[in-house]
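Subject: Handover of a structure and its description

Dear colleague,

Please find below the structure that I am passing on to you. The notes after it set out what was found.

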Amino acid sequence: MKMKKYNAPSIAEAMKLIRADLGEDAVILNSKVVVTKKFLGLVKHKSFEVVAGVDQIEKKPILPSFQNIQPFSSSSIQEQVSVPSTPIIPLVESIKAPQEEKSTLPEDLKKEIADLKLMMQSMQRMSTKSQYPDELLPFVDFLKEQELGEELITAISDELFVHSKTSDSKLQNLEMQKMTQQFLKQRMEALPIGGLSYEKKYINVLGPTGVGKTTTIAKMAARAVLEKKKKIGFITTDTYRIAAIEQLKTYAGLLQAPVEIVYNANDYNEAIKKLDHLDLIFIDTAGRNYKEVKYVADLKVLINFDEDVESFLVLALTSKQKDLEAVIDQFDNLPIEKFIFTKLDETNSIGTMFNLMIKYKKGLAYYTNGQEVPEDIERANLDSLLELFFQGRM
């Protein structure tokens, strides 16, 4: 059996090296965590040392390629029949030779080889999750059900694996939950988290169709009026849907706030002048298919993204992550610091929220969980969000 030792920053990386070097039939014989210290012992570096092996396959005699065999004709058959059969004898002997050699192996060696073959068959059935101890697997499955990104799951699982190897007791669910929350918190604590700053006058609310922008604006505006006693107004550029204008007018009426409807950049500038005396101006933009570059370009021409502006990108948690990423990519050149996630009450998994925040280094302003105005909106708080991730699990 060929055996080799590998060092890698994670179990997953080690498995890649082993597969590339020894092939899919390789088996893990041993693994351990190695902690090295650098820079006067102040900096610790963790890695995984994995010993893997593979049963060496006997080389089989190379048989002639069928591609080189010419079609038989009656004459060629006769010619071949007339050829002496002596060249065939060495080929037959070469095939039988290994079988005779194998039969002479000691019984204990045969048993060892048989055991290794059983181990190899068992390893072939193993999937990615079998890289970790059994006690971690239900927790890893939960992270996948929550649609947390593969990279994050691997990093978290490796941390838990390291802890389990160095701990005297079995890891409990609550302990794994707290370690995961701490891990995610460290990855996101530098991001801006929280709602309106109330330091900027203009509030741009952007997003694709059907994510609930207008309702979200109404919730934010109502909180500003009721909790902060701000004087507010609305501008809508969503002139493609009559219902959207009427919906915003209804909310504005309830809040006794003015509404300006704009169709072009000149209208926008006029609306800004009319509402200049107010504390906050909420700007509702048209919901478009923002996977199209043209619509984002139109938006940049129509509204202002300069100073004194806070811009939020509204995304629905019921959408696929790849579709959300396509939208976010289109807004990459706009000064958007925070997301607003809607329809949290319509999904059972919120891992996408963390994936996007970490990938794009964007914060979170609010998340909404219903249609009631202004009740069903929560100002983002990282600790609450991490508790929400595990809600119902324990």
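**Salt bridges**

Arginine 223 and glutamate 227 form a salt bridge, with 3.6 Å between their closest N and O atoms; the term stands for a side-chain nitrogen of Lys or Arg within 4 Å of a carboxyl oxygen of Asp or Glu. Before going further, please note that this is a predicted model, in which local features need pLDDT of at least 70 and side-chain atom pairs count only at pLDDT 80 or more, while totals for chains, interfaces and linings use all residues. Residues are numbered from 1 along each chain as its sequence is written, and side-chain values use heavy atoms, with hydrogens and water left out.

Both arginine 223 and glutamate 227 belong to helix H8 (residues 213-228), where they are four residues apart, about one turn of the helix. Helices (H or I, at least four residues) and strands (E, at least two) are DSSP runs, numbered from the N terminus. Arginine 223 is partly exposed at 21% relative accessibility, whereas glutamate 227 is exposed at 52%. In these terms, buried means under 20% relative accessible area, exposed over 50%, and partly exposed in between (1.4 Å probe, protein chains only).

How many salt bridges does a search of the whole structure find? The search finds six. Among them is the pair of lysine 4 and aspartate 21, whose side chains meet at 2.6 Å, N to O.

Another salt bridge joins glutamate 325 and lysine 359, with the closest N and O atoms 3.4 Å apart. Because glutamate 325 lies in helix H12 (residues 321-330) and lysine 359 in helix H13 (residues 351-360), the pair ties together parts 34 residues apart in sequence. Glutamate 325 counts as buried, at 15% relative accessibility, while lysine 359 is partly exposed, at 49%.

**The open sheet**

Eight strands make up an open sheet with mixed pairing, in the order E6-E5-E7-E4-E8-E9-E10-E11; two strands pair if DSSP finds at least two bridges between them. The edges are strand E6 (259-261) and strand E11 (377-379); each has a single partner strand, so one side of each is left without a neighbour in the sheet. On average, neighbouring strands of this sheet are turned by 25° against each other, direction ignored. Angles run from 0 to 180 degrees between N-to-C directions, and axes are lines fitted to C-alpha atoms, for helices over the stretch in contact.

Strand E4 (residues 202-206) pairs with strand E7 (residues 280-284) in the parallel sense over four bridges. Isoleucine 203 has phenylalanine 282 in E7 as its bridge partner. Helix H10 (residues 265-274) packs on the sheet and touches E4, strand E5 (232-236), E6 and E7, where contact means heavy atoms within 4.5 Å. The direction of H10 makes about 175° with that of E5.

Strand E9 (residues 338-342) and E10 also pair in the parallel sense over four bridges, and isoleucine 340 has tyrosine 366 in E10 as its bridge partner. Is strand E10 (residues 363-368) enclosed or open, and why? Six of its six residues are buried, so strand E10 is largely enclosed by the rest of the structure.

With kind regards
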